Amino acid sequence: MDIPNIDWPDSLWAAATPSGPDLPELAGSAEADVVVIGGGFTGLSTALHLREAGVDVAIVEAMEPGWGASGRNNGQVIPTSSRPDPDDIVAKHGVAGERFVALLRDSASTLFDIIRRYQIQAEQEQAGWVQPVHSPGRIKIAERRVRQWSKLGAPVELLSREQTRQILGSDAWFGGFWNKTGGHINPLALSRGLARVVLDRGGRIYARSPAISFERQNGRWVVKTAKGQISGRALIVATNAYTGEFSKTLLPEMAHEVMPVLSWQMATQPLSESARKSVIPGRQAMSDTHGELYFARYDARNRLVTGGAVIGPGNKPERLKRMVAERLQRLWPQIGRVEFDYVWNGYVGMTTDFLPRIHRLGPDAYGWTGCNGRAVALSIALGDELSKPVRGIPESDLALPFSDPVPIVAHGLLRRLAPLMLMVYRRRDAREIA
């Protein structure tokens with residue numbers, strides 16, 4: 001049973017996932033060795049790895065684990081960034097970038113290994129992730145990515161148009177590449193499963209307790225909520241796109257260096273067995289090279305979980321149902337009539353260069369933001385990495401390319417205008433690349 005005062009989205013995941021653990025609010029004063037703000041993938045992974053190392057840790061979560069982006073996303077487990085390739089990351093961040101690329105390369109395997117190790121039931125399928133290209137010229141993107149990731153030992157493979165047709169069951173794309181370590185999960189089930197593992201190992205999670213602010217007092221970090229406060233020797237801020245959504249005073253410089261963009265997710269009615277056998281028959285996760293992204297994966301009940309983008313007035317869910325149904329029928333004519341049972345949304349934290357921002361926030365205090373649509377695998381891997389410096393592991397050994405927060409100028413105005421980028425993406429998508 002859902003805890004009162006929590007409004008869950010009308011999502012497939014909320015409907016299909018068993019309830020999470022009962023959690024207390026933070027009331028009065030408390031202490032921990034490490035305080036983590038945010039009970040999504042990063043915060044839960046950080047807490048889990050700290051508990052495995054014997055560190056006392058408490059999470060302060062605004063709503064409940066998985067209420068935010070970690071429980072609302074499409075659930076694709078993708079071990080790459082959305083735009084920058086390995087060479088771009090190393091060029092920007094040097095040796096730390098090399099370590100980060102290695103973490104990203106292994107991030108899908110890291111996630112599935114954790115699921116297996118702790119026997120979490122998250123509808124997991126490590127069937128691979130495919131990125132098909134939507135124009136002939138864009139095969140150069142796939143070739144570049146296969147070349148760069150292959151040099152680093154990633155299990156990637158270039159796909160011809162015929163191979164892509166066989167994997168996806170569609171003639172709509174012109175080739176692509178895939179990574180065999182990728183796949184998909186039920187993200188809310190993973191969030192709640194991780195929360196149980198943290199609790200079983202002695203960690204604490206305070207729910208319905210939005211952090212208002214934090215400050216350094218007498219050598220400790222003090223996090224304040226409406227009903228209490230908690231202090232710790234060390235602090236991890238893991239709030240990503242929702243950093244400024246509950247309190248404008250929490251960490252404005254980090255909240256304003258990402259653009260929270262509304263991402264719409266949708267789930268069809270279960271496909272017929274004949275359609276399921278011909279539409280992505282190997283059940284891989286798929287997201288292509290469109291800026292207005294085309295993406296899809298199955299859930300455990302053979303629903304196709306996809307999504308879209310829409311701007312302007314009107315009933316957005318109904319407009320999306322018509323638009324995305326037509327898209328799916330165009331991509332897979334054999335799919336037949338398409339009906340949607342669930343439409344929901346959540347925020348994605350976008351940065352100007354599509355790279356995450358990882359920060360030192362003070363003595364023994366760290367945070368990150370900017371998932372850029374690749375948060376599932378990356379957040380789990382970064383949770384482990386963020387647990388290391390507060391355990392005394394030298395920063396020179398970390399896969400954390402630190403930078404100083406640089407807020408986006410005119411953030412409030414640009415946030416209102418951000419949906420208009422969809423028109424820019426559509427124009428770019430229609431152009432061939434040289």
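1. The lining of the second largest cavity has four nonpolar, four polar and three charged residues. Here Ala, Val, Leu, Ile, Met, Phe, Trp, Tyr, Cys and Pro count as nonpolar, Asp, Glu, Lys and Arg as charged, and the others, Gly among them, as polar. The lining residues are Thr80, Ser81, Ser82, Pro84, Asp85, Trp129, Gln131, Arg145, Trp149, Phe177 and Arg374. Two elements, β4 (129-132) and α6 (139-151), each give two or more residues to this lining. The space inside is about 60 Å³.

2. A word on the model: it is predicted, with local features needing pLDDT of at least 70 and side-chain atom pairs counted only at pLDDT 80 or more, while totals for chains, interfaces and linings use all residues. Residues are numbered from 1 along each chain as its sequence is written, and side-chain values use heavy atoms, leaving out hydrogens and water.

3. The largest cavity holds about 70 Å³ of space. Its lining is made up of Thr80, Ser81, Ser82, Phe100, Leu104, Phe354, Leu355, Pro356, Cys371, Asn372, Arg374 and Leu378. By class, that is seven nonpolar, four polar and one charged. The count comes to four cavities of 30 Å³ or more. On a 1 Å grid over the protein atoms alone, a cavity is a set of points where a 1.4 Å probe fits but cannot get out, a pocket is an open set with protein on both sides within 12 Å along at least five of seven lines, and lining residues have an atom within 4 Å of a point. Points are joined across faces, edges and corners, and a volume is the space filled by probe spheres set on them.

4. The second largest pocket has about 180 Å³ of space. Of its 15 lining residues, Pro18, Ile120, Gln121, Ala189 and Arg196 are the closest to the centre. Helix α8 gives the most to this lining, with five residues. The lining divides into six nonpolar, six polar and three charged residues.

5. How do α2 and α8 meet? The axes of α2 (residues 41-52) and α8 (residues 187-200) come within 9 Å and cross at roughly 30 degrees, which makes α2 roughly parallel to α8 (angles under 35 degrees count as such). Touching residues (heavy atoms within 4.5 Å) are Phe41, Leu44, Ala47 and Leu48 of α2 and Pro187, Leu190, Ser191, Leu194, Ala195, Val197 and Val198 of α8. This contact has ten nonpolar, one polar and no charged residues. Axes are lines fitted to C-alpha atoms, for helices over the stretch in contact, with angles from 0 to 180 degrees between N-to-C directions. Helices (H or I, at least four residues) and strands (E, at least two) are DSSP runs, numbered from the N terminus.

Note on methods
Parallel < 35°, antiparallel > 145°, perpendicular 65-115°, else oblique.
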